Amino acid sequence: MSVYQRPVHLFWWLERRAYVLFVLRELSSVFVAWFVVFLLLLVNAISDGAASYQRFLDWSGQWWMVAINVLAMLFVLLHVVTWFGLAPRAMAIKVRGSRVPAKQIVAAHYLAWLVLSAAVAWLVVR
Amino acid sequence: MAATEITLEVARYRPGVDSEPVLQSYQVPLREHWAILDGLTYVKDHLDGTLSFRWSCRMGICGSCGMTVNGEPQLSCATFLTDYAPGPIRVEPLHNFPVVRDLVVDIDDFMTKLPKVKPWVIREVQSPIEEGEYLQTPEEMDECQQFSMCINCMLCYSACPVYSLEPDFLGPAAIALAQRYNLDSRDEGADERRDVLSSPEGIWACTFVGECSAVCPKGVDPAGAIQRYKLTAATQSIKELLMPRSLIPRSKG
Amino acid sequence: MNRRRSPEPLLWMLFSSGGMVAALMVPILLFLFGIVFPLGLLSTPSHAHLYAVLHNPLTRLVLFGLCALALFHWAHRFRYTLYDGLQLKRYAVPIVVLCYGGAVVGCVIAAGLLLTV
């Protein structure tokens, strides 16, 4: 019997908006990795001394570095929103026998995020 | 004056004649309570008897009339013509399945995969019939009821890019149905299902695109079921790495 | 079945813990050091202060955890993006080596840098 098999295009993820969003979400990991590189360069500069730290500041202040980091920030925020949004579907948490509503799980994630961010910011700029 | 007709652009594929589907247009009455399926039935009864499509219950229970409507996987019995007015409406077979003829797809792959996850209540020891049913509280039923709503319509497979790229992938509905039994308080078969579910063609191939859940007409959330099972399977594997298997208590889902 | 030898559960665990710590920690650090300080929105912390913060073993431990898990998060996601997004599954072996190998190398570098502060 001859059947018709629809071909899969190389850019299949352009077919639906949800697929595009999915691919962007997955690509956020590249910017997470970029952040690790950036952080390690900062750590290296700090441990090398004040002069080296100043060089890092000058380097990270160039317009193209700021542009890269703004782009990275957008992707990281996409990661945050999608990650927290999907979290309640991967975990079924029960308190005293009843399921915790998804909204509360998401809210707890954002709360933890705010508290941690505030703590880190305080530690850095204090 | 409101339009009284709407155009259906229906994908036609005649095996052995066409090399790929071609769209054919039909004018059907635009009636308020008519679903796409009613439009297709009108075509078959009045315009072109050679059109082939599957349907049975016409009320969203049997799961046979899944089609791609304007690019979206839909139950054609639950998708209304008026929602697409003024049209035209493009009706194609479900994506990701081989097309047998017109709107009819070959579902053998799903039918082979489904029994692999043993979607039935497994007991270590069957209790005698005289003892009656295995009882369950409403709270226990709540645990698995969402996943039991699946009608095997395969819209989720049609929306899943992983399934289109990797035909060996067990797929959303089969895994959700496995979870439906894993989470059932009467079931003792989670261990038997684990080899199939936790294989590379099982849960680990899923990348949580989430479209399976978005298109599910029954609110089953297969994507959620898969992620929950990933957490269960990963926790279990790591426990096994750390301590001998015999010491681990059987877990529910 | 050889499911107990499969590394997938462990890799997924690393991926998801990495996704969680990245979501919780990366935005604020990237925002401060990548945007706020370079643009002069806040005055840059002194070298002495950051050196003191970094000298604390707890800071270094947290940063190492963040780097390691975030790298494994990237490795896992990027691997599947290459498999599915670009349909490169036939090159699974080099992709696995590139992704997880890259993460391991990154961990070693991170450990080296953080230990010698």
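Tutor: Contact means heavy atoms within 4.5 Å. This is a predicted model, where local features need pLDDT of at least 70 and side-chain atom pairs count only at pLDDT 80 or more, while totals for chains, interfaces and linings use all residues. Residues are numbered from 1 along each chain as its sequence is written, chains are lettered from A and ligands numbered from 1 in the order in which they are written, and side-chain values use heavy atoms, with hydrogens and water left out.

Student: How many residues of domain 1 of chain A are in contact with domain 2 of chain A?

Tutor: Eight residues of domain 1 touch eight residues of domain 2 in chain A. The bounds, 7–90 for domain 1 and 91–126 for domain 2, come from an automatic or database domain assignment.

Student: What area do domain 1 and domain 2 of chain A bury between them?

Tutor: About 710 Å², 74% of it on carbon and sulfur atoms. Buried area here is the accessible area (1.4 Å probe) that two parts lose on being put together, summed over both. On the domain 1 side, A:Phe84, A:Ala87 and A:Pro88 supply 69% of the area buried against domain 2, more than any other three residues.

Student: How many salt bridges does the rule find across that interface of chain A?

Tutor: Zero between domain 1 and domain 2 of chain A. The rule wants a side-chain nitrogen of Lys or Arg within 4 Å of a carboxyl oxygen of Asp or Glu. Over all chains, the structure holds 20.

Student: What makes B:Asp109 and B:Lys113 a salt bridge?

Tutor: Their closest N and O atoms are 2.8 Å apart, and the limit is 4 Å, so the pair qualifies. B:Asp109 and B:Lys113 are four residues apart in helix α2 (residues 108–113) of chain B, which means about one helical turn separates them.

Student: Why is B:Lys113 called buried?

Tutor: Buried means under 20% relative accessible area, exposed over 50%, partly exposed in between (1.4 Å probe, protein chains only). B:Lys113 has 4%, so it is buried.

Student: What about B:Glu166 and C:Lys89, which meet in a salt bridge?

Tutor: N to O is 2.9 Å there. The pair crosses between chains, from a loop of chain B to a loop of chain C. B:Glu166, at 17%, is buried, and C:Lys89, at 36%, is partly exposed.

Note on methods: Helices (H or I, at least four residues) and strands (E, at least two) are DSSP runs, numbered from the N terminus.
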